[in-house]
Amino acid sequence: MEIFLQQLINGITLGSIYGLIAIGYTMVFGIIGMVNFAHGDVFMLSAFIALILFLALTQLLGIASLALAFVVVLFASMALTSLWSFMIERIAYRRLRGSFRLAPLISAIGMSIFLSNLVYVLQGPRNKALPPLFTEVIKVTHGGGYDVTLSLKQVLIVAVTAVLLGGFWFLVQKTSFGRAQRACEQDSRMAALLGIDVDRTISLTFVIGAALAAVAGVLYIIYYGVINSGDGFVPGVKAFTAAVLGGVGSLPGAVLGGLLIGLIETFWAAYFSSDYKDVAAFSILAVTLIFMPSGLFGRPDVEKV
Amino acid sequence: MQGPAPIFPNRSSPDSSVSSRFRGALTEAAKAGAIMFGLAFPILAWRTDQNFSNELYLQSRWPAVLAAALAAFVIRFILAAFPRRPARAPAKAEAPPRSHAIAARFAGSAGIAALIAFPIVMLAMFGPAGAQKWIDNFGVQILLYVLLGWGLNIVVGLAGLLDLGYVAFYAVGAYAYALLSTHFGWSFWVCLPIAGALAALWGVALGLPVLRLRGDYLAIVTLAFGEIIRIVLTNWTALTNGDAGISSIPRITFFGWPFVAGPHGFAALFGLKYAPVHRLIFLFYLVLAMALLVNFLTLRLRRLPIGRAFEALREDEIACRSLGIDTVATKLTAFAMGAAIAGMAGALFAARQNFVSPTSFTFMESATILALVVLGGSGSQLGVALAAIGIIGGSELLRELDGLKAIFGDAFDPTQYRMLIVGIAMVAMMNWKPRGLIAIRKPSIFLIKPKPVVGALAQEGHG
């Protein structure tokens, strides 16, 4: 029971990170119907940006307050990652709308290869490790010689995720941008006829997806403390799995899918085998796509002739 | 760095005066410079390094950031200040001149002749010991990639199924030979068809449930399968010895005569003086023969009903279904063919290396093979071969240059730059000519006078 509770806490933390990345996949897929394969690498890039900014703030500027550094790093890496994603959409994807079916995906794969190798070339092949941050631990319960703990960073991750998802929900549901975004998702040609700037809406969608991925990147570097230029791939695929599981195009689905993937992965690692935890996520991806392609909340994909 | 050149639409209108055009160009250029600065800011400006107590510290590289921003500024300014003349109306699809086809055929024959001569030329130039490196690292390695590229071309180029886990079948073939030969002592010649058949079997087994998915889902699921196979190979240590891999795989034999010194070896059989390079030359011609066989098969395939069905399926799945083509069976055939070729290539790979480990079968390997197909122009056999020579041979050549090591330090690894360039090239290719460099398809059936169809004009449905 204690182990279960501990794994539940760990799983929800991990799931929050996956959920944040998954939103980027699901929004982009919803609006232009492409799998943004480079999104995982955008996440990795944001973690690197966060790492470097954190070091710059603490070492070069000598900021002692961890909380202040965290807030600055969070917003700065959201902004910088958004800029990257904005430019990626402009350069690699915009001209490919209406091209042949696989062109955007291949372009995105190229972008993914480019990003991970760019970071490799610029930052070197080694793992980059931060000293542990927010290490305070709260003991929740104790039983069977096993402490169930809740660390400050876990609280921080879940809280930041919840707050930002709230803001994001407000943005999509209550603002004019959100209305335009939802309209483009349903029928972009009709939205364009009604005077919505579809290109701008798509750009903003990429920006928002990247900003949330950047939050995930900052939280990831705080949680694990280590990042490598190859680390975008596996979390990217898992977050994509989360988006598929929740139903591609559905925002609550992406968050729920992220939590589910996080929980499944942690429980799998705890009770079965940690060697095969990635296999669990990849298998869920395959099984969901084969047997339940519209996921939990997705609209069925109707083929029109 | 990639200059953000084609990003902002050129807003200068023809009647605007020169000075306002320059002012506009300056604003655009300033924007581009600022954006480049923002992109480069933390990731290029500081390099993270570890000191002796394993703590990270920052090394600043501000000149590089300034150079990048300045480059973006200048390029953008030139593009905006001196706009190209408005593009002409797209020319009508002209029939490519006959000389084009003849040139392509000539290039093909010349290429094959050059390949056949390659080991002999290398032997003549570097002697039996010096030629080993060239025949092995350049000849055999590039040809293996050509073989893989042509195999994947059947799946991606002909049938239009994006397979991101192609390397899984390569791994199945390699491990099939490795395990069968080390455990049961089976010879390479028995294992080669078995490796192909096993990979094809896996292709069918994996393909059967996933091939009814739409294109990009299929790509992701094949990626997942590829990763699952790699993880299983890594962790099933009882069978595969995990990351340590399987070593001392028997070397290839000349139809039973091993390439060893002594009375029963290949050299003795032909009365030659023993040299290790014989084995490599034989391997080279073997891979070349396999590749040419696959090429011949593909060219024939395009004239067969099943090959036509592949291409029809790539263009419009719904139309195919309504014409009564069994789409699942057709896709499975393409998938199994590609897998079988990868499996045999895997057996050849294991025989070349005498060693297999899961690290040879990562997603990056799949991506490299896919890049060969994409950059070579999906569907073009010659293009794939040229891409393999350029990408694989190019980075091997960079590795050979000692001068570069002196500049970049001993840790210089051109493979990383290779993938960086490959990534950019894939994006550029999709933006520029998504149907590939040589996107001319001749219809297989025509009335009286053949009319070539330019790929760019071919519309497609969303199947």
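I am working from a predicted model.

**Chain A, overall**

I looked up the secondary structure of chain A and found 11 helices and 4 strands. I then checked the overall dimensions. The C-alpha trace of chain A spans about 65 × 45 × 40 Å along its principal axes. The radius of gyration is 19 Å, which agrees with the value near 19 Å for a compact globule of 305 residues. I noted that 53% of the 305 residues count as buried. For contacts between residues at least 6 apart in sequence, 75% join residues at least 24 apart.

**Where chain B touches chain A**

I counted 52 residues of chain B in contact with 60 residues of chain A. Several elements of chain B each supply at least two residues to that side, including helix H1 (18–45), strand S1 (46–50), strand S2 (56–60) and helix H16 (414–432). Which element gives the largest share? H6(B) does, with 12 residues. I sorted this side of chain B by class and got 37 nonpolar, 10 polar and 5 charged residues.

**H4 and H12 of chain B**

I next looked at helix H4 (residues 166–184) and helix H12 (residues 327–353) of chain B. Their axes come within 6 Å and cross at roughly 50°. H4(B) and H12(B) are therefore oblique to each other. The crossing is right-handed. Among the residues that meet, I listed B:Tyr166, B:Phe169 and B:Gly173 from H4(B), and B:Gly338, B:Met344 and B:Phe349 from H12(B). The residues of this contact divide into 17 nonpolar, 4 polar and no charged.

Methods: Residues numbered from 1 in each chain as written. Chains lettered and ligands numbered in written order. Predicted model: local features only at pLDDT ≥ 70, side-chain atom pairs only at ≥ 80, totals over all residues. Rg over C-alpha atoms; globule rule 2.2 N^0.38 Å. Buried ≥ 20, exposed ≤ 12 C-beta atoms within 10 Å, placed from the backbone. Contact = placed C-beta atoms within 7 Å. Nonpolar A, V, L, I, M, F, W, Y, C, P; charged D, E, K, R; others polar. Axes fitted to C-alpha atoms, helices over the stretch in contact; angles between N-to-C directions. Parallel < 35°, antiparallel > 145°, perpendicular 65-115°, else oblique. Left-handed = near helix turned anticlockwise from the far one by under 90°.
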